[in-house]
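Visitor: Hi! Could you walk me through this protein? I'm new to reading structures.

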Amino acid sequence: MGGLPTDSKLLETARQKLVVAAKDAGIDLKQTFAKEGRLLRFKAGRYAHAKQFKRMGRAIKRQRTIVARIACQMERGANALSQAVRDALQGSLAKARQIVAQAASRKNYGCRLNNGWKLQAALTRRGLPVEVYQLLTAFACHFHTVSSMSRRGNCHAVAESFFQLLKRERVRRQIYLTRQDARTDVFNYIEMFCNSKRRHNAAGDILPVEFEKRYFQQLGSV
């Protein structure tokens, strides 16, 4: 589980950041849940590894509750502070609320970044490095999209073809030191080669950029 952008890891990081922000602002928290937070993070990782997703969901639910409680304590404590300090805390509180809401929105843990356990398993079977999974999940989260892996009635021939080409031509035997390295390499492969130089059968044996151009021209003529 190390390195994967799971809800549990995000929630534990949010808890730690809130505790540090409260300490810097001079807010005395009644409880920081430090020991319980670390234990829940460990439990969620072990449950996920064992595919015990219901138990993992309960651990993550408790983590959400802890982060929400700390945020409420900070908001109450911030009322006695100056406006400048309250404004400085808003960034941390807003991020924590976003992470809590994001974790609560996931119906099936598996990361609704999205159907992530299936996505991560599919990428692992293809031999892709963790950084590519992180890039794809971050993309899905940013654009609020839900990936579907092997759902009934869906055809993934194009996606599967892309993944095997990405593996064979670019990322196989590659070791990315940082996420940015993986992001740059995959971006260059897609934008500088696949979209501009490689013809695709699914697009009528033309370049994807040409297909996109024709599509928007057709929309403009309607």
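**A chat about the model**

Guide: Happy to! This is a predicted model. Let's start in helix α8 (residues 179-194), which holds both Y189 and F193, four residues apart, about one turn of the helix.

Visitor: And how are the rings of Y189 and F193 arranged: stacked, edge-to-face or tilted?

Guide: They make a tilted aromatic pair, with 5.9 Å from centre to centre and 40 degrees between the planes.

Visitor: Okay, new topic. Which residues make the nonpolar surface patch of about 420 Å²?

Guide: That patch is made by F211, Y215, F216 and L219. F216 belongs to helix α9 (residues 208-221).

Visitor: Which residues line the second largest cavity?

Guide: Its lining consists of L11, E12, R15, G37, L40, Q63, I66 and V67. The elements giving two or more residues to this lining are α1 (7-25), α2 (34-49) and α3 (53-78). By type, the lining residues split into four nonpolar, two polar and two charged.

Visitor: I see R15 in there. What does R15 form with E12?

Guide: R15 and E12 form a salt bridge, and their closest N and O atoms are 2.8 Å apart. They are three residues apart in helix α1, so about one helical turn separates them.

Visitor: And how many salt bridges does a search of the whole structure find?

Guide: It finds six salt bridges.

Methods:
Residues are numbered from 1 along each chain as its sequence is written. This is a predicted model: local features need pLDDT of at least 70, side-chain atom pairs count only at pLDDT 80 or more; totals for chains, interfaces and linings use all residues. Side-chain values use heavy atoms; hydrogens and water are left out. On a 1 Å grid over the protein atoms alone, a cavity is a set of points where a 1.4 Å probe fits but cannot get out, and a pocket is an open set with protein on both sides within 12 Å along at least five of seven lines; lining residues have an atom within 4 Å of a point. Ala, Val, Leu, Ile, Met, Phe, Trp, Tyr, Cys and Pro count as nonpolar, Asp, Glu, Lys and Arg as charged, and the others, Gly among them, as polar. Patches are made of residues with over 30% relative accessible area and no salt bridge: like charges are joined within 9 Å, nonpolar side chains (Val, Leu, Ile, Met, Phe, Trp, Tyr) within 5 Å. Accessible areas come from the Shrake-Rupley method with a 1.4 Å probe; for residues, only the protein chains shown count as cover. A salt bridge is a side-chain nitrogen of Lys or Arg within 4 Å of a carboxyl oxygen of Asp or Glu. Rings of Phe, Tyr and Trp (its six-membered ring) pair if their centres lie within 6.5 Å; planes under 30 degrees apart count as stacked, over 60 as edge-to-face and the rest as tilted.
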